[in-house]
Amino acid sequence: MSIELIDRVKHLIEEIKNSKPGTREELEAFRLRFLGAKNELKPLMGEIRNIPDELKKQFGQFVNEAKLAAEAVFEAVKEKVEQAADEAAIQQIDLTAPGEPMPLGSRHPIATTHMNRIVEIFSRIGFTVAEEREIEDDWHNFTAMNTPEDHPARDMQDTYYLKNSTEMLLRTHTSSVQARVMTAQKPPIRIIAPGRVYRNETISARSHCQFHQVEGLYIDEGVSFADLKQTLLYFAKEMYGVNSRIRLRPSFFPFTEPSAEMDVSCFLCGGSGCRICKYTGWVEILGCGMVDPQVLENCGIDSSRYSGYAFGMGIERQAMLLHQITDIRLFFENDVRFLNQFRAAF
Ligand code: PHE
């Protein structure tokens, strides 16, 4: 009985020493059989109580030898087997497979695209881009632009002033760029100024506390209202189609005199009347006028020699009408489900 048990252990030792697990699966089977929680050596060790005392020690040594042999085999082949498995996995990678498509980022598909188009249209007739600071001082945003101290636009309600400041603010319009350029350059001046502006408005579907404007300014000798009108007509035709018409309505801005608001014939119905133009045939696009001589003087330009025109337009509102977007907040939420719909808009 005990001889038989000893023989079994000896056979196991032989078997262990001769085994060559070559794959991950074979190695795992080997581990379970000889080293795992339910390995074959454990029940053999339990048999020690059936071994006569004088052989117990020898039997124990054999079982232990079997265990050490199993550990030695396992350690010896483990690394080789893992390496072979990794190599096999690499072999399975198809290097000729086409790559995963990676979505490209883009400019804001509506606001920036629309703004860039406007800038491009004016660049073609000699306007150069002027970009200026968004954090402005009171003088460039208001005083130079002929906006008196008690003007409601200066109110804390409408303007974001910097903390503890009555002087520094977030520009409320791109007209501040007019003052920047006129104080830094000599006429002739012909600039187009795109950028972001801020107003302390309650955020709703129709208004936001930030939006974009494009400002235009032209100063030279003998610039007239006719030049303004022709330039704006050119713009309307380039932007909204060759059949577009414009109309100028008298208006008021502190920094232009006379001032006007420009409508373009509705780009959806062509002027016959529809939902977009509220059945008027016209869509309001921008404010404009002849630069007030006082503004020229404020900026150090001789108003007896030079005259000029300026215009300014909001971007989001135009883009909303064009794409029939009913909520301005969508522009600033960066929801790709919204943005993706306009990727190929232009
Ligand atoms: N700055 C004006 C506004 O924000 C627009 C404007 C610009 C009007 C230039 C006239 C001339 O509404």
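The model is predicted, and local features are reported only where pLDDT is at least 70, side-chain atom pairs only at pLDDT 80 or more, while totals for chains, interfaces and linings use all residues. Residues are numbered from 1 along each chain as its sequence is written, and side-chain values use heavy atoms, with hydrogens and water left out.

**The ligand**

Begin by selecting the ligand together with its shell of 14 residues, of which His173, Ser175, Arg199, Gln213 and Glu215 come nearest; a residue is counted as near when one of its heavy atoms lies within 4 Å of the molecule. Next, show the side chains of His173 and Ser175: a polar atom of the His173 side chain is 3.2 Å from a nitrogen atom of the ligand, and a polar atom of the Ser175 side chain is 2.9 Å from a ligand nitrogen atom. Then turn to Gln213, where an N or O atom of the side chain lies 3.0 Å from an oxygen atom of the ligand. The protein covers 89% of the 330 Å² of accessible area that the ligand has on its own, as given by the Shrake-Rupley method with a 1.4 Å probe.

Colouring by secondary structure shows that helix H7 (175-184) and strands E5 (210-220), E8 (282-291) and E9 (307-314) each supply at least two residues of the shell, with E9 giving the most, three residues. These elements are DSSP runs numbered from the N terminus, with helices (H or I) of at least four residues and strands (E) of at least two.

**Two helix pairs**

Select helix H1 (residues 2-18) and helix H4 (residues 53-91), which pack at an angle of about 15 degrees with their axes 9 Å apart. That angle makes H1 roughly parallel to H4. Here the axes are lines fitted to C-alpha atoms over the stretch in contact, and angles run from 0 to 180 degrees between N-to-C directions; angles under 35 degrees count as roughly parallel, over 145 as roughly antiparallel, 65 to 115 as roughly perpendicular and the rest as oblique.

Now select helix H5 (residues 111-123) and helix H8 (residues 225-240), whose axes come within 10 Å and cross at roughly 130 degrees. That makes H5 oblique to H8.

**Backbone features**

Most residues other than glycine have a negative phi, and most peptide bonds are trans. Go to Pro187 and Pro188, which are joined by a cis peptide bond with omega about 0 degrees; Pro188 lies in the loop between H7 and strand E4 (189-198). Another cis peptide bond joins Glu257 and Pro258, with omega about -5 degrees, and Pro258 is placed in strand E7 (residues 256-265). End at Lys278, which has a positive phi of about 50 degrees although it is not a glycine, and which is found in the loop between E7 and E8.

Technical notes: Polar contact = N/O pair within 3.5 Å; in protein donor to acceptor, adjacent residues only side chain to side chain.
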